[in-house]
Amino acid sequence: MIKLPSHGLALLSSRFYRTCHLCHQPSGGGLFEPIGSALVCQECHHALNKPSKVLHADGVPLLVGAFYETPLNHVMSAYKDNENLSALMVLYHLLYHLPRPRGLTKRAVIVPTPTTPDRLAKRGFYPVLTLAKFLSYVWKIPLWQGIQRHENTTHQRGLGRDERLNNVQNDFYLRESLSAHQVVLFDDVVTTGATLSAMAQLLRAKYPNTKLIATCVLHGKQGLHLPEFGR
Ligand SMILES: [Zn+2]
């Protein structure tokens, strides 16, 4: 059985309409090109900053799709705040071009940063999960949602770096046991790395031998060195 990614029809129709989801100009190309060249035109693709910068969040290698800069910051907002489908296709484009880490086996799992039922109800959808499902489709690695988030936690947006670090440290808990030996922590946007660090600490405490890497679609600042804390 062929497994289609979330929003598979939008991906499929992009091959027919041939319009760049970023600049909205005709993008050319053929019907049978891979997804990676059907969503964003060549000009936009080359203009976007490139992935594969590997930074470190709390000792965990971090693979970054691109940086949180214009126009991608607007693209991310359009997706998260308005569920804009073209914006999602641009983010899919970035994920598609993320290099799959070497040594990652099919028994690894992708762990999307969890949300809470409150936030889910407020927003109406779970942006990180949709993106994680696409990465799971591209890398052929299953998702694992064994990390959950406590309700009533303060939102990270608008908090300073130190506040963020303190805010998230006890946010997460494990709801089931992990059998994978490799874990890809996944978030949509990483700024200080505090959320990823908190999740990494939770897993390390119970599964010290598990290999952790982290991936995000957009990273807050080019060249920013993420904080080391709690090691
Ligand atoms: Zn374009």
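**Close-up views of a predicted model**

**View 1. G146 sits in the loop between α6 (127-139) and β4 (147-149).** Helices (H or I, at least four residues) and strands (E, at least two) are DSSP runs, numbered from the N terminus. This is a predicted model, in which local features need pLDDT of at least 70 and side-chain atom pairs count only at pLDDT 80 or more, while totals for chains, interfaces and linings use all residues. Residues are numbered from 1 along each chain as its sequence is written, and side-chain values use heavy atoms, with hydrogens and water left out. G146 has a relative accessible area of 0% and is therefore buried (under 20% relative accessible area; exposed is over 50%, partly exposed in between; 1.4 Å probe, protein chains only). Apart from neighbours within four places in sequence, G146 is in contact (heavy atoms within 4.5 Å) with Y173, L174, R175 and E176. For L174, 28 residues away along the chain, the C-alpha separation from G146 is 5.8 Å.

**View 2. Helix α1 (residues 8-17) packs against helix α4 (residues 85-96) at about 85 degrees.** The two axes are 11 Å apart; axes are lines fitted to C-alpha atoms, for helices over the stretch in contact, and angles run from 0 to 180 degrees between N-to-C directions. The angle makes α1 roughly perpendicular to α4 (65 to 115 degrees; under 35 is roughly parallel, over 145 roughly antiparallel, the rest oblique). A10, L11 and S14 of α1 meet L85, M89 and Y92 of α4. Five of the residues in this contact are nonpolar, one is polar and none is charged (Ala, Val, Leu, Ile, Met, Phe, Trp, Tyr, Cys and Pro count as nonpolar, Asp, Glu, Lys and Arg as charged, the others, Gly among them, as polar).

**View 3. H21 is placed in the loop between α1 and α2 (42-47).** H21 counts as buried because its relative accessibility is 17%. Its side chain makes a polar contact of 2.9 Å with the side chain of S14 (a pair of N or O atoms within 3.5 Å; within protein, one must be able to donate a hydrogen and the other to accept it, and residues adjacent in sequence count only if both atoms are side-chain atoms). Not counting residues up to four places away in sequence, H21 touches S14, L39, S86, M89 and V90.

**View 4. Strand β7 (residues 211-219) is largely enclosed by the rest of the structure, since eight of its nine residues are buried.** Strand β2 (residues 60-67) pairs with β7 in the parallel sense over five bridges (pairing requires at least two DSSP bridges). A66 has L218 of β7 as its bridge partner. Strand β6 (residues 182-190) also runs parallel to β7, joined by eight bridges, and F186 stands opposite T215 in β7.
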